[in-house]
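Q: Hi! Could you walk me through this one while I have it open?

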Amino acid sequence: MLHALHPLAQQAATLLTQRRQTIAVADGATGGLILAGLLTVPGATRFCRGGGVIYSLKGRDILLGLPREALTGMESVTEAYALLQAQGVRDRFGANWGIAETGSAGPDQHPRGAPTGRSCIAVVGPDVARAITVDTGSPDRIANMEAFARTALTFLLDTLKAAPAPTPV
């Protein structure tokens, strides 16, 4: 699995390193695969501030440190929630970029009713906030985790490529 994620992570790492920018990660249904993918790149400390897996309300509170009012009306496995998490992890780690994934890998339905095989992924950076929804239609937990992580790294790479390079100081 990590062999499949590494080329995407390497390309994202190259862009981040060239720009002298950093990223933080909030993994959800991916179980840490997004962060693990980024950490396959030698010298990841140059661009990766860290992150964690949000798999409970307590984990979310610890990793993101968001005030309760920021969560009012939020539902998991939505683009709005992924954007909130990406911004939260970015701020919490003092990174230029944040990426977050919230999903339902299966095989059972998500406790909050999200369909199995759905993932919402967000990337937040300097003057950029983008989110997408992925539906695999599959109850295969491992395949979904892999698909969500691969999609997240592809989305990150596409977002970095589309974002204007920072102005040198």
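**Core, strands and charges**

A: Happy to. The largest nonpolar core has 35 residues, and those with the most contacts inside it are Ile23, Leu38, Phe47, Trp97, Ile99, Leu153 and Leu156. A nonpolar core here is a set of buried Ala, Val, Leu, Ile, Met, Phe, Trp, Tyr and Cys residues joined through side-chain atoms within 4.5 Å. Buried means under 20% relative accessible area, exposed over 50%, and partly exposed in between (1.4 Å probe, protein chains only).

Q: Which elements each supply at least two residues of this core?
A: They are α1 (2–19), β1 (23–27), α2 (33–39), β3, β4, β5 and α5 (141–162). The most comes from α5, with 9 residues. Helices (H or I, at least four residues) and strands (E, at least two) are DSSP runs, numbered from the N terminus.

Q: Before we go on, what kind of model is it, and what are the ground rules?
A: This is a predicted model: local features need pLDDT of at least 70, side-chain atom pairs count only at pLDDT 80 or more, and totals for chains, interfaces and linings use all residues. Residues are numbered from 1 along each chain as its sequence is written, and side-chain values use heavy atoms, with hydrogens and water left out.

Q: Back to Ile23, then. What is it in contact with, leaving aside neighbours within four places in sequence?
A: Its contacts include Leu16, Leu38, Phe47, Trp97, Ile99 and Leu156. Contact means heavy atoms within 4.5 Å.

Q: Now the strands. How many bridges join β3 to β4?
A: There are 7, and the two strands run antiparallel. Ile99 has Val123 in β4 as its bridge partner. Two strands pair if DSSP finds at least two bridges between them.

Q: And how many join β4 to β5?
A: That antiparallel pair has 8 bridges. Ser119 stands opposite Val134 in β5. As for β4, 7 of its 8 residues are buried.

Q: What sits in the turn of the β4 and β5 hairpin?
A: The hairpin has 2 residues between its strands, and Asp127 in the turn has a positive phi of about 60 degrees. Asp127 is exposed, at 85% relative accessibility.

Q: Which other residue has a positive phi although it is not a glycine?
A: Val77 does, with a phi of about 60 degrees. Val77 lies in the loop between α3 (57–64) and α4 (79–93). Most residues other than glycine have a negative phi, and most peptide bonds are trans.

Q: On that note, where is there a cis peptide bond?
A: One joins Gly106 and Pro107, with omega about 5 degrees. Pro107 lies in the loop between β3 and β4.

Q: Last topic: how many salt bridges does a search of the whole structure find?
A: The search finds 4. A salt bridge is a side-chain nitrogen of Lys or Arg within 4 Å of a carboxyl oxygen of Asp or Glu.

Q: Which residue does Glu75 meet in a salt bridge?
A: Glu75 meets Arg112, at 2.8 Å from N to O. The pair links distant parts of the chain, 37 residues apart: Glu75 is in the loop between α3 and α4, and Arg112 in the loop between β3 and β4. Glu75 is partly exposed at 35% relative accessibility, while Arg112 is exposed at 54%.

Q: And which residues are linked in a network of salt bridges?
A: Arg60, Asp61 and Arg68 are. Between Asp61 and Arg68, the closest N and O atoms are 2.8 Å apart.
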